[in-house]
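This report looks at one helix and at the aromatic rings of the model shown below.

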Amino acid sequence: MLIRLAIDNDEDAVIELMRADVEETKFPHTGYVESRARETFQGYLARADPVIFVAEEGRKVVGMLAASLVGYRLAYGHKAICEVIYVDPAYRGSRAATRLLRHAEAWARRVGAKELVGGVENNYQPDRTARFFELHGFKRMGYAMTRVLL
């Protein structure tokens with residue numbers, strides 16, 4: 001399995017993974033808007049914001065990770081935030097998510113991030129996701145709280 005930066009030819013595959021992620025994790029208050037997903041991908045191509053890594057197996061994109069850099073508000077420096085990790089269900093157990101996360105960590109170190117933040121911001125298998133991150137050296141810090149305003 002190859003982990004690499006997404007290229008323009010990956011757009012349709014990445015968009016499909018984004019759609020599947022939203023469908024599976026059930027974002028009831030945000031939904032999925034394909035044109036917005038394409039804007040996000042085009043933003044990556046134009047500005048590397050977010051950065052998008054893909055997992056490729058046999059020339060097929062089977063997973064993706066999107067991460068962004070965020071500057072600290074009260075200190076110098078920045079952190080990397082793992083916004084999305086999604087692997088096609090047919091390829092779960094292939095270590096694609098682990099390899100994507102390790103690749104993102106190496107990228108975060110190269111760009112001088114002081115920390116890599118990951119977690120789950122929806123209610124889809126939060127304990128399983130937390131265990132995944134803990135297995136990769138992440139520590140639980142506080143809670144993520146949401147109040148839907150729509």
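A residue is called buried under 20% relative accessible area, exposed over 50% and partly exposed in between, with a 1.4 Å probe and protein chains only. This is a predicted model, in which local features need pLDDT of at least 70 and side-chain atom pairs count only at pLDDT 80 or more, whereas totals for chains, interfaces and linings use all residues. Residues are numbered from 1 along each chain as its sequence is written, and side-chain values use heavy atoms, with hydrogens and water left out.

**Aromatic pairs**

Rings of Phe, Tyr and Trp (its six-membered ring) pair if their centres lie within 6.5 Å, and planes under 30 degrees apart count as stacked, over 60 as edge-to-face and the rest as tilted.

| Pair | Centre to centre | Angle between planes | Class |
|---|---|---|---|
| Phe 53 and Trp 107 | 6.2 Å | 70° | edge-to-face |
| Phe 132 and Phe 133 | 5.5 Å | 75° | edge-to-face |

Phe 53 lies in strand β2 and Trp 107 in helix α3 (residues 96-110), so that the pair links parts of the chain 54 residues apart, and both residues are buried. Phe 133 is also buried, with a relative accessible area of 7%, and together with Phe 132 and Phe 138 forms one aromatic cluster.

**Helix α1**

Helices (H or I, at least four residues) and strands (E, at least two) are DSSP runs, numbered from the N terminus. The buried residues of α1, among them Val 14, Ile 15 and Leu 17, pack against α2 (34-47), β2 (51-57), β3 (60-71) and β4 (78-87). Just after α1, Lys 26 takes a positive phi of about 55°.

How values were computed:
Contact = heavy atoms within 4.5 Å.
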